[in-house]
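Keep the structure open as you read.

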Amino acid sequence: MYDVIVVGARCAGAPAAMLLARKGYDVLLVDRATFPSSIPHGHFIHQHGPRRLQRWGLLDRIVATNCPAVTTFTLDLGDFPLTGRALEADGVALGYGPRRAALDAVLVDAAVEAGAELRQGFTVDDFTADGDRITGIRGRDQRSGTTTVEHAAVVVGADGRNSRLARAVGAPAYEAAPPATCWYFSYWSGVPAAGLEVHVRQQRVIFSFPTNDGLQAVFVAWPAAALPAVRADVEGQFMTVLDWVPELAERVRGGRREERFYGATDLPNFLRTPYGPGWALVGDAGCHKDPFLALGVCDALRDVELLAEALDEGLSGRRPMTEAMAAFAERRDAATLPAYRENLAMAQFTAVPDDVFRLRAALRDDQAETNRFFMAREGMIPRESFFNGTNLQRLMARGAAAPE
């Protein structure tokens, strides 16, 4: 009998197991994969993610996988490239883009070091229950074929957007929207790094950043309706969009593509009720969103921390479990929904408000204010220190007074 069984050992499940094990709980962590193992998902970590990894003592380990810190951010909405530089606070950079094999291995190792029991190559086939309460898992070792049943006070589903646990308990979805975009991406060597770059063009977006071992990750997204045409000629469609940003295209074409193109094309948007009797959902199992703002990993790290705090309250008896988990759901939604809705609007290529372009124009020739804009936007300094009425009015007035 475990305190908690966590199904899925990637960027949500492994840190959930780690945090609970660090609190002294008996945790079983299972995954059908054997680590290190790569998956074709986005992997840029920014906003609150890097600081959380630093607090957990894991950021240096991620950098040690030969993953560079990213301190430059260029955002181009079709008007001009606005670039923030030297974006670092308290020794933590704007972002980091570790490949998933490297990131997930660091997180899994940390969970095991904390005392969690890891079963790799283990497939969960079903869940045990007592009435409507989930009481454990039934699964099998992929190598031996041996079937085992394990029980726990709580089973956590960190098993992705197609979560088996979510299906088993019928977790309701809300704020749901169909896929807005489709993505293809690959990795190039020999590309001069320029930090994180986001370029929006004609209902297309390019997302590029340096990753492990001197490679440059380049992602391109199209509206979901364009998927059949893109699939018919992935490389041609990809390079056509890249050529809309000539400076970036020149750098990428001057390098060498080292891997095949990967696709991410099944990208529904939803939140699910994240708890019930004997179970909880976290990561993509509890909230899946379009990759447009690269929120997946950093939000998973935040939500597992919220979940671990709630489970600790319930398992320790300091608070009734139902009450603790209801508070977790409220905290998760309060933290998630504003960015979730903004991300969905951007993925649907909703028109950018004129005020945004006016602010960008006002910042164009002021590097210090541009840096503050990006740092506030990313949560590296208090958001209200830049995005307050007085400061925005001052910047807008200065921009309006500037000569054409």
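Asp76 has Pro81 of strand E5 as its bridge partner. The two strands involved, E4 (residues 73-76) and E5 (residues 81-84), pair in the antiparallel sense over four bridges; strands count as paired if DSSP finds at least two bridges between them. Four residues lie between the strands of this hairpin, and there Gly78 takes a positive phi near 100°. Helices (H or I, at least four residues) and strands (E, at least two) are DSSP runs numbered from the N terminus.

A word on the source: this is a predicted model, in which local features need pLDDT of at least 70, side-chain atom pairs count only at pLDDT 80 or more, and totals for chains, interfaces and linings use all residues. Residues are numbered from 1 along each chain as its sequence is written, and side-chain values use heavy atoms, with hydrogens and water left out.

Next, turn to helix H7 (residues 234-242), whose buried residues are Val234, Phe238, Met239, Val241 and Leu242. Buried means under 20% relative accessible area, exposed over 50%, and partly exposed in between (1.4 Å probe, protein chains only). These residues lie on the same side of H7 because they cover an arc of only 155° around the axis, taken from the directions from the helix axis to the C-beta atoms. An α-helix has 3.6 residues a turn, so residues three or four places apart point the same way. Their cover includes strands E14 (181-189), E16 (204-210) and E17 (216-223), along with helices H6 (227-232) and H8 (246-253).

What about disulfides? The structure holds zero, a disulfide being a pair of cysteine sulfur atoms within 2.5 Å. The sulfur of Cys11 has its closest cysteine sulfur in Cys298, 9.8 Å away, which is too far for a bond. Cys11 is buried at 11% relative accessible area, and Cys298 is buried too, at 0%.

Tyr340 sits in helix H10 (residues 321-347) and is buried, with a relative accessible area of 1%. Beyond its neighbours within four places in sequence, Tyr340 has contacts (heavy atoms within 4.5 Å) that include Glu175, Asn269, Phe270 and His288.

Finally, step back to the whole chain, which has 13 helices and 23 strands. Of its 404 residues, 55% count as buried. Among contacts between residues at least 6 apart in sequence, 71% join residues at least 24 apart. The C-alpha trace spans about 70 × 50 × 40 Å along its principal axes.
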